Amino acid sequence: MFYDIIVPSCLPLGAVNLNRDGARHIAMLCVALQHPSIRVEAQPNKQFLVTGGRSDVAASYLERIYKKHALTTPAEIEIEQAIPAYMGLGSRAQMGLGMATIAALVNGRDRTDVEFIASALGLEPTQNINIAASMQGGLLLVDAEQTANQAPLVYQRAELDSDEKSAWGFVLVLPRVAEHPKTFEVDRLAALVHAQGTSTDDSGHIVEKTLYPAVAQDNIETFGHGLMELQRANANALSAMNIDTSASLEEQKIFDIMRNEGAVAWGKSPSGFGLYALTRGARSTIEMRKALRTIFDYDHGDMLATISQNAGIRVIEKKGTLQKRIS
């Protein structure tokens, strides 16, 4: 028997000021996405063997996990696909969470034990969104200040419509970029949380009175308006810290097409270079991508349509071994 593990990506949507029990908290709104995902096959083995894209990142996390928990059963791991780096989709953290899941599986530990999964990864508080997206999926409002070695504090969670004709679809534009520091995405989120922490805006009201009620009512237009309002609040907070969030000329052209093709919201991941649009239904995502290809061809990067992943990391047990699969 071997395992097929699928780890969703995690798209941050904004930082939020919340008031809870008379205290102020900073939270992050995020959504777990089905694609791009990390897909890994793994099985117990006599020695470690890690192959495939971003295997160096995977191996570094495995070393931490095995040392922290004194695990004894190595794993053979084949990384079939990985989340692109620097796009603001949690590439490194999601890989770490996938590796922790594998370590739990091959060593007979509980893969739903969040403290086991998270405590060895060295994640920052802003990466609580990655833990929550991996364990629960959906649209999540997560505390961004709590130490990320325990079950994250999730203030709200909802599931977005995933039916093909009426799905809340995301179109992602992922440009090719140069190498950046490995802390690039974390640093950007930390800057946003810090900036939002100095703001006095009522962003919590946007989330609690507009965004989550809109999901409950399946009102994607109202949700889109609220999300754009949250983006503006975050941009103002960053601007006050002398951090420029304005779109480049190329990005603005992409946003214009997204809007013209029916997007209810569009923007850039707060933690990376990835651009996204939110629209209704598979047909709309197809037409939007067709229009975007007029200015963003295959040489510029990747483009895809996806929907929310409402179940977190998926684990499928399969018969046979990695060398001899049974269909």
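Where does Thr245 lie? Thr245 is in the loop between helix H7 (220-240) and H8. Helices and strands here are DSSP runs, numbered from the N terminus: H or I of at least four residues for helices, E of at least two for strands.

Some ground rules before we go on. This is a predicted model, where local features need pLDDT of at least 70 and side-chain atom pairs count only at pLDDT 80 or more, while totals for chains, interfaces and linings use all residues. Residues are numbered from 1 along each chain as its sequence is written, and side-chain values use heavy atoms, with hydrogens and water left out.

Back to Thr245. Is it buried, exposed or partly exposed? Thr245 counts as partly exposed, at 42% relative accessibility. The cut-offs are these: buried is under 20% relative accessible area, exposed is over 50%, and partly exposed is in between, with a 1.4 Å probe and protein chains only. What does Thr245 touch? Setting aside residues up to four places away in sequence, Thr245 touches Ala235 and Leu238. Contact means heavy atoms within 4.5 Å.

Asn242 is not a glycine, yet its phi is positive, about 65°. Asn242 counts as exposed, at 74% relative accessibility.

Ala70 is another residue with positive phi. Its phi is near 50°, and Ala70 is a residue other than glycine. Ala70 sits in the loop between H1 and strand S4 (75-81). Its relative accessible area is 60%, so Ala70 is exposed.

One more backbone item. Which residues does a cis peptide bond join? His35 and Pro36, with omega about -10°. Pro36 lies in strand S2, residues 23-44.

Now helix H9, residues 282-292. Which of its residues are buried? Ser284, Thr285, Met288, Ala291 and Leu292. Down the axis of H9, these buried residues fall within an arc of 125°, so they line one face of the helix. The arc is taken from the directions from the helix axis to the C-beta atoms. The face of H9 turned away from the buried side carries exposed Arg283 and Lys290.

What covers the buried residues of H9? The cover includes strand S7 (168-175), helix H8 (249-260), strand S9 (275-280) and strand S10 (301-306). Take Thr285 in H9. Thr285 counts as buried, at 5% relative accessibility. Beyond its neighbours within four places in sequence, Thr285 is in contact with Gly169, Val171, Thr279 and Ala305.

Next, H8 against H9. Two packed helices are described by the angle between their axes and the distance between the axes. The axes of H8 and H9 come within 9 Å and cross at roughly 145°. Axes are lines fitted to C-alpha atoms, for helices over the stretch in contact, and angles run from 0 to 180 degrees between N-to-C directions. The crossing is right-handed. Right-handed means the near helix is turned clockwise from the far one by less than a right angle; anticlockwise is left-handed. H8 brings Ile254, Ile257 and Met258, and H9 brings Met288, Ala291 and Leu292. By class, that is six nonpolar, no polar and no charged residues. Ala, Val, Leu, Ile, Met, Phe, Trp, Tyr, Cys and Pro count as nonpolar, Asp, Glu, Lys and Arg as charged, and the others, Gly among them, as polar.

The other helix pair is H1 (residues 55-69) and H2 (residues 91-106). They pack at about 50°, with axes 9 Å apart. That makes H1 oblique to H2. Under 35 degrees counts as roughly parallel, over 145 as roughly antiparallel, 65 to 115 as roughly perpendicular, and the rest as oblique. The crossing of H1 and H2 is right-handed. Among the H1 residues in the contact are Val57, Tyr61 and Ile65; among those in H2 are Arg92, Gly96 and Met99. The contact residues divide into twelve nonpolar, one polar and one charged.

Last stop: Val193, in helix H5 (residues 184-197). Val193 is buried, with a relative accessible area of 11%. Leaving out residues up to four places away in sequence, Val193 touches Ile26, Met28, Thr126 and Ala144. Its C-alpha atom is 8.3 Å from that of Val16, 177 residues apart along the chain.
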